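Trainee: I would like to learn how to read packed helices, a salt bridge and a surface patch, one after the other.

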Amino acid sequence: MTTSAARPAARPGTPRDPDDLRPVHPPARAWGALVLAEARMVARDTAGLVVPLGMPVLILVMNGIAFDTDVVVPGSGGRTAFDVYVLPITLTFVVAMVGVVNMPSFLAAYRRTGILRRLGVTPASPVMVLVAQAVVGVAQIALGVAVAGTVAALAFDASAPASPWAALGVLALAVAAMYGVGMLVAAVAPTPQSAVAIGLVAFFALGAVGGLFGPRENLPDALAQVGGVLPFGAAVDALTATWAGAAVPASALLGLVAAAVVPGAVAAVLFRWE
């Protein structure tokens, strides 16, 4: 069997040989440029930038002022109810707002305006937009977590988690889970406005059964158990365990993994690029 020699690259201005089927990959700097462009788009969306940063801090401050959160939780290494309960809910709020509400609205807008379809015929694959949006979302989540943590430490003398590396791992898993839900929202939403509406409904539904508006123990038993394995409640339970220095519940970890995999797989089937 004979093999053909590698075809030399054409000089600039030379028409490309139609028989040359080698893929054209965008240069590395194109990834950086696309991430920077996505960051600018997010920064220009005032509501989408402020709400995931400001609303969680407002909830954190309201909980810290209104409730007796300085009570030390037994077996937590001296950490208070504020550390063990309020902070996990606040951080989960940040992750869920970015992953379930913000990201789908941008992707739906890009599809509506034909950006994803146009990119499909260029070396800059539409997948690059998904990656860039995910990177910018992670940066926004990191900023939100940093702001909330700083306010908590300065205003309420909050403590770091007893298991910091476990807390970082749980946060990463929570981001993947909320992104999975967000991708499903982006897949079924026909317009940017509907993406925001569906995302908000999903966010508040997950939050309602996950402990955002009060202890899950106040819910009916069946609903409380379901809320504990859905991504919001699972993230809160897992982060609570890391702050208290307890073992992270296996049900919470399985719930986060399932939320990352199942909605993401369904979204991959349903997602329309145009």
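Predicted model: local features only at pLDDT ≥ 70, side-chain atom pairs only at ≥ 80, totals over all residues.

Trainee: At what angle do helix α8 and helix α9 pack?

Mentor: Two packed helices are described by the angle between their axes and the distance between the axes. Here α8 (residues 221-229) and α9 (residues 231-244) pack at about 75°, with axes 4 Å apart, and they are therefore roughly perpendicular to each other (angles of 65 to 115 degrees count as such). Helices are DSSP runs of H or I with at least four residues, numbered from the N terminus, while axes are lines fitted to C-alpha atoms over the stretch in contact, and angles run from 0 to 180 degrees between N-to-C directions.

Trainee: Which residues of α8 and α9 meet?

Mentor: With contact meaning heavy atoms within 4.5 Å, Gly227, Gly228 and Val229 in α8 meet Pro231, Gly233, Ala234 and Asp237 in α9.

Trainee: Which residue forms a salt bridge with Asp237?

Mentor: A salt bridge is a side-chain nitrogen of Lys or Arg within 4 Å of a carboxyl oxygen of Asp or Glu. The structure holds one: Arg216 pairs with Asp237, their closest N and O atoms being 2.8 Å apart. Arg216 lies in the loop between α7 and α8 and Asp237 in helix α9, so the pair ties together parts 21 residues apart in sequence.

Trainee: Where does the largest share of the nonpolar patch come from?

Mentor: Six residues of the patch, its largest share, come from helix α10 (residues 250-270), whereas Ile198, one of the patch residues, has its place in helix α7 (residues 192-210). Such patches are made of residues with over 30% relative accessible area and no salt bridge, with nonpolar side chains (Val, Leu, Ile, Met, Phe, Trp, Tyr) joined within 5 Å and like charges within 9 Å.

Key. Residues numbered from 1 in each chain as written. Heavy atoms only, no water. Helix = DSSP H or I, 4+ residues; strand = E, 2+ residues; numbered from the N terminus. Parallel < 35°, antiparallel > 145°, perpendicular 65-115°, else oblique. Areas by Shrake-Rupley, 256 points an atom, 1.4 Å probe, with all protein chains shown as cover.
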